[in-house]
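Here's a quick briefing for anyone meeting this structure for the first time. Have a look at the chain below, and then we'll walk through it topic by topic.

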Amino acid sequence: MRLHQVLRNVDKFRTVFDFGGRDVAHWFPGHMAKGLRQMRANLKKVDCIIEIHDARIPFSGRNPVFQDTLNVRPHLLILNKMDLTDLSNKQRILKTLEKNGVKNVLFTDCLKQRDDNIKKLVPMVMEIIERQPRYNREENIDYCLMVIGVPNVGKSSLINSLRRTNLKKGRASRVGGEPGITKAVLTRIQVCERPRMYLLDTPGVLPPRIENVETGMKLALCGTILDHLVGEDIIADYLLYSLNRLGKFSYVEKYDLQEPSDDIQHVLKRIAVKLGKTQRVKAITGVGNITITIPNYTAAAYDFIRAFRKGELGQVMLD
C-alpha cells in the first residue's frame, strides 16, 4: 500500500481513548505508607530532596503527596530514562516545569555506564544547598540527600550510578524492572567522598488513589503500576493508541505489519504469529471436544509493552 493511502487511513484512527468506565488500581501497599511516614519524620536529617521521575511522563504521575515534603527543603528533579523519551520537547518540558515552580531539573540515563549528566548532579546539589540555610545541619561536614519518587522510575539506578561515577564502586541498591523492588525505608548509602555525601534510599510511593484515569494509564505503561492490576490488554491498547496519536509507527516494521493499525486485536495477533506465541485450548463442537491452536494475546500484549519500555518502538513522550 502506498504511503499516502496509509496516512489517509491513519486520519480515521481514534482521537480519544475509551477507558470503558475503568477505574485506576488502588495500589498503596503497607511499605508505601510506612515509607511516607518515615520520610516526613526524617526530614531534619536532610539537606536536599532528590525527586526522580520518568522522562517519558515529566508532568503526569508525580505524587502530589510529596509537595508537603518538597516545600520545606531544596529540591532537584531528576528526569530519568532520557534515552527513551523524545528530547525534541526538552525546552517545552523545562518551561512548563518552571511555570509550576520547579527550576532545578536534570535529565539522566542512569543505566548507562558513563552518563555525563550524572557528573553534574553533585555540583548542582551543592549549589542548590548553598543558596538556602541548612537549618540544624549547619555544622555538619557531610551532606545528606533524600531520594523520592513513584515506583520504578530509577531511584536505585541513580544511587548505583552515583556510586559508580564518584566512588568507583559497584551497586548498593537492587535494581528491578517492576515496581516495588525497594521496600527498605531510609537506607543510608554513601555516593560521594569529596564532598562526603549520603543518600537516603526510599521505596517508591504512589498517591493512595490516582484520580485521573489517563494519568494512571501512563504510569502503568511506564511500569509504575503492576501490569496485572490494570490489565495487559488495556495497557497494550493504550500504547497502540498513543503511538498512532504521536505518529510513531515503528511497530509496523518491528512486527511485520503491512500498515499502521488502530485495532489492537489485529496487532496482537500479528505479534503472536511473528513470535510464535500460541496456546492450545479445548473447543466444544457438535461432534465432541477438539484441541485447537490460537494466538496467545496476553503474551503478545506483554511483548508489545516490554518493547516500548526498552525503547524498541522509538523515543516517545506521552505527556
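Is D142 buried or exposed? D142 is buried, with a relative accessible area of 13%; buried means under 20% relative accessible area, exposed means over 50%, and partly exposed is in between, using a 1.4 Å probe and protein chains only.

Before going on, keep in mind that this is a predicted model: local features need pLDDT of at least 70, side-chain atom pairs count only at pLDDT 80 or more, and totals for chains, interfaces and linings use all residues. Residues are numbered from 1 along each chain as its sequence is written, and side-chain values use heavy atoms, with hydrogens and water left out.

**The chain as a whole**

- Of the 319 residues in the chain, 52% are buried.
- Take the contacts (heavy atoms within 4.5 Å) with a separation of 6 or more: 71% of them are between residues 24 or more positions apart.

**The nonpolar cores**

- The largest nonpolar core has 64 residues. A nonpolar core here is a set of buried Ala, Val, Leu, Ile, Met, Phe, Trp, Tyr and Cys residues joined through side-chain atoms within 4.5 Å.
- Helix 10 (residues 232–245) gives the most to this core, with eight residues.
- Domain 1 (30–201) and domain 2 (231–310) both supply residues to this core, so it lies between them; the domain bounds come from an automatic or database domain assignment.
- The residues with the most contacts inside this core are I50, V125, L158, M197, Y251, F304 and L313.
- Pick V125 and leave out residues up to four places away in sequence: V125 touches C48, I50, L76, L145 and M197.
- Another core, of twelve residues, lies apart from the largest one, and I49, V65, F66 and C144 are among its members.

- Strand 1 (residues 48–54) runs parallel to strand 4, and four bridges join the two. Two strands count as paired if DSSP finds at least two bridges between them.
- In that pairing, I49 stands opposite M146 in strand 4.
- Strand 6 (residues 197–201) also pairs with strand 4 in the parallel sense, over four bridges, and here C144 stands opposite Y198.

**The listed binding site**

- An unreviewed UniProt entry lists N80, K81, M82, D83, N152, V153, G154, K155, S156, S157 and G204 under "binding site". UniProt positions are given in the numbering used here, feature names are shortened, and annotations may be inferred rather than shown by experiment.
- K81 lies in the loop between strand 2 (75–80) and helix 4 (90–99), and K81 is buried at a relative accessible area of 17%.
- Neighbours within four places in sequence aside, K81 is in contact with D54, A55, R56, T108, N152, V153 and C222.
- N152 sits in the loop between strand 4 (143–148) and helix 7 (155–166), and N152 is buried too, with a relative accessible area of 16%.

**Salt bridges**

- Side chains of opposite charge can pair when their charged atoms come close.
- The whole structure holds 16 salt bridges, each being a side-chain nitrogen of Lys or Arg within 4 Å of a carboxyl oxygen of Asp or Glu.
- R56 pairs with D54, with the closest N and O atoms 2.8 Å apart. R56 is buried at a relative accessible area of 1%, and D54 counts as buried at 1% as well.
- K248 and D86 meet in a salt bridge (3.8 Å, N to O). This pair links distant parts of the chain, 162 residues apart: K248 is in the loop between helix 10 and helix 11 (250–254), and D86 is in the loop between strand 2 and helix 4.
- K248 is partly exposed, with a relative accessible area of 24%.
- Back to D142: its side chain meets that of R188 in a salt bridge (2.8 Å, N to O). R188 is partly exposed, at 46% relative accessible area.
- R14, D237 and D262 are linked in a network of salt bridges.
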